[in-house]
Amino acid sequence: RPDIITFVPVSAKRRRERGYNQAELIARSLGRRIGVPVRGLLSAAESGNQKRMHYHERFLNMVGRFGEKDAELSGQSVLLVDDVFTTGSTVNECARVLKKMGAASVFSLTVARVGNKKVEVAVPSGYSFLQ
């Protein structure tokens, strides 16, 4: 049982276009159902349309995309909700930021999974997935 539930944010532009964030709707419904608080802990910068990117480009495109909102997660377990898992790059980057914010553990829940493909990533100099 997580201490807190959060969701993958969408950029302000995407939010205006759609009028909602589907991951947030899923997270809030789940939070009500299991009695766990839901908070928007992350912010998102514009990332472009990832549907047209190759898998390795998606990983690099996510680096630094998500920012911290003012929250202290010291020692808490966090459940991160997203709608679709494609390469894992979004979940990976969000989890990295949540750990940086002090989360003891981060688990993810996604509603759908896109077919599995081999991903080879060239990691930018000075970047660590374990930060």
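**Close-up views of a predicted model**

**View 1. Glu-24 sits in helix H2 (residues 22-34).** Helices (H or I, at least four residues) and strands (E, at least two) are DSSP runs, numbered from the N terminus. This is a predicted model: local features need pLDDT of at least 70, side-chain atom pairs need 80 or more, and totals for chains, interfaces and linings use all residues. Residue numbers start from 1 along each chain as its sequence is written, and side-chain values use heavy atoms, without hydrogens and water. Glu-24 counts as buried because its relative accessibility is 13% (buried: under 20% relative accessible area; exposed: over 50%; partly exposed: in between; 1.4 Å probe, protein chains only). Neighbours within four places in sequence aside, Glu-24 contacts Phe-7 and Arg-15 (contact: heavy atoms within 4.5 Å).

**View 2. Strands S4 (residues 77-85) and S5 (residues 105-113) pair in the parallel sense.** The pairing runs over eight bridges (pairing: at least two DSSP bridges between two strands). Leu-79 has Phe-107 in S5 as its bridge partner. With helix H4 (residues 89-100), S4 and S5 form a right-handed β-α-β unit (right-handed: with the strands pointing away from the viewer, the path from the first strand over the helix to the second runs clockwise).

**View 3. Helix H1 (12-18) and strand S2 (42-44) each supply at least two lining residues of the second largest pocket.** S2 gives the most, with three residues. A pocket is an open set of points on a 1 Å grid over the protein atoms alone, where a 1.4 Å probe fits, with protein on both sides within 12 Å along at least five of seven lines; lining residues have an atom within 4 Å of a point.
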